[in-house]
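Subject: Structure for your files

Hello,

Here is the structure I said I would pass on.

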Amino acid sequence: MLIASLKRLEDTVAAETEALMAHRPIDQEAVNRRKSHSLLELTRLTRDLDPDQLDAPVIDQLLRLRGVLERNQATVGLHLRAVEEISGIVADSLRDAESDGTYSGHVRR
């Protein structure tokens, strides 16, 4: 049951990463809902789990999930930096368009 839950989370995160990398539209609300559900399920399944008693298949699945999560984190971070850069450009453009140059150190032409 634990391995199946870990695989579902891995599949969800991997699908999100692939969609972001391919610039495909994704239903972020649905993805977040699936991830939240998986985390709740994992919390319940591991409540009384002794980490020292994990068997090899569970450890292997955890390591695969870790890799998928690291790739997702890098991809999401890249997208967030792009959004920040684009929003800065848009904000600067709007500010320049609204200003008549009165309080600016730049001469407007």
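To start with the pair H1 and H3 in this predicted model: helix H3 covers residues 56–98 and packs against H1 at an angle of about 25 degrees. The axes of H1 and H3 are 9 Å apart. Angles under 35 degrees count as roughly parallel, so H1 and H3 are roughly parallel to each other. Their crossing is left-handed. Sorted by type, the residues of the contact of H1 with H3 come to 15 nonpolar, five polar and six charged.

H1 also packs against H2. Helix H1 runs over residues 2–21 and helix H2 over residues 28–45. Here the angle is about 160 degrees, and the axes lie 10 Å apart. With over 145 degrees counting as roughly antiparallel, H1 and H2 are therefore roughly antiparallel to each other. The crossing of H1 and H2 is left-handed.

- From H1: Leu2, Ser5, Leu6, Arg8, Leu9, Thr12, Val13 and Glu16.
- From H2: Gln28, Val31, Arg34, Lys35, Ser38, Leu39, Glu41, Leu42 and Leu45.

By type, the contact of H1 with H2 is made up of eight nonpolar, four polar and five charged residues.

Next, the core. Which residues form the largest nonpolar core? There are eight of them: Leu2, Leu6, Leu9, Val13, Leu42, Val58, Leu65 and Val68. H1 and H3 are the elements that give two or more residues to this core. H1 gives the most, with four residues. Among the core residues, Leu2, Leu6, Leu9 and Val13 also belong to the H1 side of the contact with H2, and Leu42 belongs to the H2 side.

Leu65 is another member of the core. Leaving out residues up to four places away in sequence, Leu65 touches Leu6, Leu9 and Glu10. Of these, Leu6 and Leu9 are core residues as well.

Last, a point on backbone geometry. Most residues other than glycine have a negative phi. His23 has a phi near 60 degrees, a positive value in a residue other than glycine. His23 sits in the loop between H1 and H2. Is His23 buried or exposed? Its relative accessibility is 65%, and exposed means over 50%, so His23 counts as exposed.

Regards

Terms used. Residues numbered from 1 in each chain as written. Predicted model: local features only at pLDDT ≥ 70, side-chain atom pairs only at ≥ 80, totals over all residues. Heavy atoms only, no water. Axes fitted to C-alpha atoms, helices over the stretch in contact; angles between N-to-C directions. Parallel < 35°, antiparallel > 145°, perpendicular 65-115°, else oblique. Left-handed = near helix turned anticlockwise from the far one by under 90°. Contact = heavy atoms within 4.5 Å. Nonpolar A, V, L, I, M, F, W, Y, C, P; charged D, E, K, R; others polar. Core = buried A, V, L, I, M, F, W, Y, C linked by side-chain atoms within 4.5 Å. Buried < 20%, exposed > 50% of the residue type's maximum accessible area, 1.4 Å probe, protein only.
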